Structures are given as structure tokens and as C-alpha cells.
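The entries follow in the order in which I made them.

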Amino acid sequence: MFRDMAEKDFKENVISLISKETMLITAGDESGYNTMTAAWGFMGEMWGKDCAAVVVRPQRYTMEFLNRFDTFTLSFFGDNKDIPRICGTNSGRDCDKAALAGLTPVFKDGYTLFNESRLSMVCRKLYVQRMDESCMLDKALSEKWYPQKDWHNLIIGSIERMYATERDA
């Protein structure tokens with residue numbers, strides 16, 4: 001069971017939240033959705049709104065859903081490393097990743113949450129742009145992370161709602 005969480009009650013270190021705990025980015029609804037593991041992103045204020053920014057490579061199946069839907073969710077699972085491992089090593093084109101990871105989807109207002117998440121954020125897309133190699137000032141990063149030139153799409157979303165599970169209340 002989820003409970004709304006006020007932004008003022010959110011006290012976590014977002015750098016650790018994203019980089020250490022890892023997150024699932026999910027887009028879609030009960031008619032179809034996909035989720036993927038991500039460890040890159042950031043949160044802060046943009047355009048007078050609390051925002052989250054994530055990056056998704058164009059070939060990822062989840063990007064198809066991000067292009068079609070106005071919202072996406074970020075879900076966090078604490079110390080459970082099996083969920084992000086399973087969702088990061090399988091393609092939703094080939095299998096039901098949620099079922100493999102033991103996740104129970106919950107569909108609300110046109111977006112998808114997972115009953116097993118300890119924290120979820122619903123984001124409304126504000127900005128999407130393909131990252132551009134010519135803008136990368138540190139060429140060593142370009143060589144290390146983009147040897148195939150498959151630059152991420154940067155997606156910035158306003159954080160519209162936050163949910164904590166009742167067990168974490």
C-alpha cells in the first residue's frame with residue numbers, strides 16, 4: 001500500500017539514492033509499460049519546479065514508452081540488488097521483467113508503480129533531448145562511455161507525486 005509523501009518530508013541524499021541504491025525508470029500504463037534499471041541521473045530545482053533528470057539510450061525499449069507517455073516513474077528498492085540486476089540484464093521486448101524480478105505492477109492515473117518499491121516518484125516530462133557529442137568537453141568521457149556513439153536521451157521531469165510504502169511509513 002502506498003501513501004503520499006510530501007516533498008518537505010523527503011530527507012534522503014539523492015546522490016546516494018540514485019548511484020548506490022539504483023532505480024527503475026518505468027513508463028507506460030495498464031495497456032503496456034516497460035521498466036529499466038538506471039544508475040545515472042540527478043534531482044534538483046529546474047524552471048521553478050522540483051525535478052528529476054534521467055538518461056536513456058535511444059535503443060532501449062523503455063525509450064519507446066517514454067516517447068509515448070507524458071509521465072514516468074522512478075522506483076527505489078533499498079538494499080535489494082536482485083530487482084535492478086534482473087531488470088538491467090533482460091529486455092522487456094523478450095520477457096516480462098517485472099514477473100522475473102517478482103514485481104507487482106500497480107497502475108494509477110496513467111502511470112505504473114511497483115508494490116515492492118520503498119519509494120516512488122511520479123514525474124511529468126518537461127524536456128527531452130538527445131545528448132550531443134559536440135557538447136562533451138571532456139573527450140575522455142565520450143571515448144569511455146560512448147564508443148558506439150549511442151548518446152543518451154536526457155529526460156527532465158517535474159516530480160508531481162512521491163509515494164512511500166506503508167511499511168516505510
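I began with the cover of strand S2, residues 23-29, and found it mostly covered: 7 of its 7 residues are buried. I took buried as under 20% relative accessible area, with exposed over 50% and partly exposed in between (1.4 Å probe, protein chains only). I took strands as DSSP runs of E of at least two residues and helices as runs of H or I of at least four, numbered from the N terminus. This is a predicted model, in which local features need pLDDT of at least 70 and side-chain atom pairs count only at pLDDT 80 or more, while totals for chains, interfaces and linings use all residues. Residues are numbered from 1 along each chain as its sequence is written, and side-chain values use heavy atoms, with hydrogens and water left out.

I then sorted S2 by direction: Met23, Ile25, Ala27 and Asp29 point one way, Leu24, Thr26 and Gly28 the other, and all are buried. In a regular strand, side chains alternate between the two faces of the sheet.

Next I looked up the partners of S2, counting two strands as paired if DSSP finds at least two bridges between them. S2 pairs with S3 (residues 32-38) in the antiparallel sense over 7 bridges, and the two form a hairpin with 2 residues between them. S2 also runs antiparallel to S6 (residues 71-76), joined by 4 bridges. I noted Met23 on both sides: Ala38 stands opposite Met23 in S3, and Phe76 is the bridge partner of Met23 in S6.

Last, I checked S7 (residues 105-108) and S8 (residues 111-114), which pair in the antiparallel sense over 4 bridges. Phe107 stands opposite Thr112 of S8. Their hairpin has 2 residues between the strands, and Asp109 takes a positive phi near 45° there.
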